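Here are my notes for you on this one. Have the viewer open and follow along point by point.

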Protein chains: 2
Amino acid sequence: MNPRRVTAAVLIIGDEILSGRTQDVNLAAIAQYLGAHGVEVDEARVVPDRPQAIIETLNHLRRAHDYVVTTGGLGPTHDDITAACVAEAFGVALNENAEIIAMMRARWGREIGPGLARMARVPDGGVLIHNPLGGPPGFQVGNVFVLAGIPEVMRGMLQDIGWRLDGGAVVVSQALRVETGEGEFALLLETFAEAHPDLSLGSYPFFGARGKGAEILVRGRDAERVAAATADLAAALAAAGVEAVKV
Amino acid sequence: MNPRRVTAAVLIIGDEILSGRTQDVNLAAIAQYLGAHGVEVDEARVVPDRPQAIIETLNHLRRAHDYVVTTGGLGPTHDDITAACVAEAFGVALNENAEIIAMMRARWGREIGPGLARMARVPDGGVLIHNPLGGPPGFQVGNVFVLAGIPEVMRGMLQDIGWRLDGGAVVVSQALRVETGEGEFALLLETFAEAHPDLSLGSYPFFGARGKGAEILVRGRDAERVAAATADLAAALAAAGVEAVKV
């Protein structure tokens, strides 16, 4: 286990996300998967299908974080430019990968035309990421994992990156649910947070069936300490007249 | 109408989005709303509840785009630091707003304690953004709109920013749906895109009940031209044996 805090950035590529036409669901799936491997997603960016934006953002993120996961832009159409941009960001050539061409030929039982062949292009030095759905794979270059944008495919590819990660201590969390507006316990929570600097305390408000409420999340790298602090916090809230239920 | 292309960035603030605990739905809602007002969302970023990340990112985005919309971090708890960070980013003081305090007092029928009073803090020069749900408002400072993170509240506040925007020509789109894998028409689409440099052509693959398919989106600022091009494209696809249905 890596003793440092290990961070990642998620780079979501696609005009369709920025136009609001498509609802991204990949960020949450990636964050949960990486979190379970001791890698914290520290920032996420959504960029359009424009080479300069993709290349500059990728080059910034791969230097600022231990890992980068990208989604989108791996298909066969003219707006699928991720592989070419990753190659350019790393300053390496983009080649048609014979292994992928053979894979596609076996899968589709025929010769692969130039459209589909776009999906077989991998930057020099890239290591393939298995696609359990049987389509073309993703690839890894250095600390960057390049995954498909279709959520089903993305989640499949994700399973092939966990073993490549050198993660830190996994962050564990416990949650309390209160059916009270945050204003009623904000100061108590602030005092409690100050007394527990090794833990992270968050309060996430919601509108429930019975009105305002919040989930209070206690997070840390020591499971016992998180459990003890959560119990202490529930008791402190109860003493202040705020019923908190562990969820 | 502004003759230029008018762009915005969306800044999503919150550890809960980056941990995967909460699924963001605000980006898509903001993008659709701004798009209808002739403002294109050109990038989006998700940052944690850390002052430096929020301040630096906001200062970059507000200089790089015509508008910035932020979501999250406006509640009463210690992890709600957006108002303070916006004030620091603009180099102005953060003051308790008497109008908001009076609003809260009227709403809750009692004195407002220091926890809730956090939600009344507005950077100097900030203009309030109405919250139709009755809670504390958001605010605008310069070209930055600061909205709540709870989706219902965020969408309510959004309605009060449209009239403040000086948008460009609204981008209109038409979509064709095909029940064919993208590889079958990628080259045709690329050729068509090259012949229509004033339009943006995107292809968004999906797995449907009947197998692979895609939605092909034709976008542009001239509705007649978009309609004509979409009809031409459907005819070209049909001639190539790919049935395309307008959706």
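1. Start with Gly20(A): leaving aside neighbours within four places in sequence, Gly20(A) is in contact with Ala28(B), Ala29(B), Ala31(B), Gln32(B) and Gly35(B). Two residues are in contact here if their C-beta atoms, placed from the backbone, lie within 7 Å. Gly20(A) sits in the loop between α1 and α2 of chain A. Helices are DSSP runs of H or I with at least four residues, strands are runs of E with at least two, and both are numbered from the N terminus.

2. The cut-offs: buried means 20 or more other C-beta atoms within 10 Å of a residue's own, exposed means 12 or fewer, and partly exposed is in between, with C-beta atoms placed from the backbone. The C-alpha atoms of Gly20(A) and Leu176(A) are separated by 33 Å, and the two residues are 156 apart along the chain.

3. A word on what you're looking at: this is a predicted model, where local features need pLDDT of at least 70 and side-chain atom pairs count only at pLDDT 80 or more, while totals for chains, interfaces and linings use all residues. Residues are numbered from 1 along each chain as its sequence is written, and chains are lettered from A and ligands numbered from 1 in the order in which they are written.

4. Now for where the chains touch. In total, 45 residues of chain A are in contact with 44 residues of chain B. On the chain A side, the elements giving two or more residues are α1 (15-18), α2 (26-36), β2 (40-47), α6 (114-117), α8 (186-195) and β10 (200-208). β2(A) gives the most, with seven residues. By class, this side of chain A has 22 nonpolar, 13 polar and 10 charged residues. Ala, Val, Leu, Ile, Met, Phe, Trp, Tyr, Cys and Pro count as nonpolar, Asp, Glu, Lys and Arg as charged, and the others, Gly among them, as polar.

5. Just after α2(A), Gly38(A) takes a positive phi of about 80°.

6. Next, a helix pair. α3 (residues 51-64) and α4 (residues 82-90) of chain A pack at an angle of about 50°, with their axes 9 Å apart. Axes are lines fitted to C-alpha atoms, for helices over the stretch in contact, and angles run from 0 to 180 degrees between N-to-C directions. α3(A) and α4(A) are therefore oblique to each other; under 35 degrees would be roughly parallel, over 145 roughly antiparallel, 65 to 115 roughly perpendicular, and the rest is oblique. The residues of this contact divide into seven nonpolar, two polar and one charged.

7. Finally, chain A as a whole. Chain A has nine helices and 12 strands, and buried residues make up 51% of its 247 residues. Along its principal axes, the C-alpha trace of chain A spans about 70 × 40 × 35 Å.
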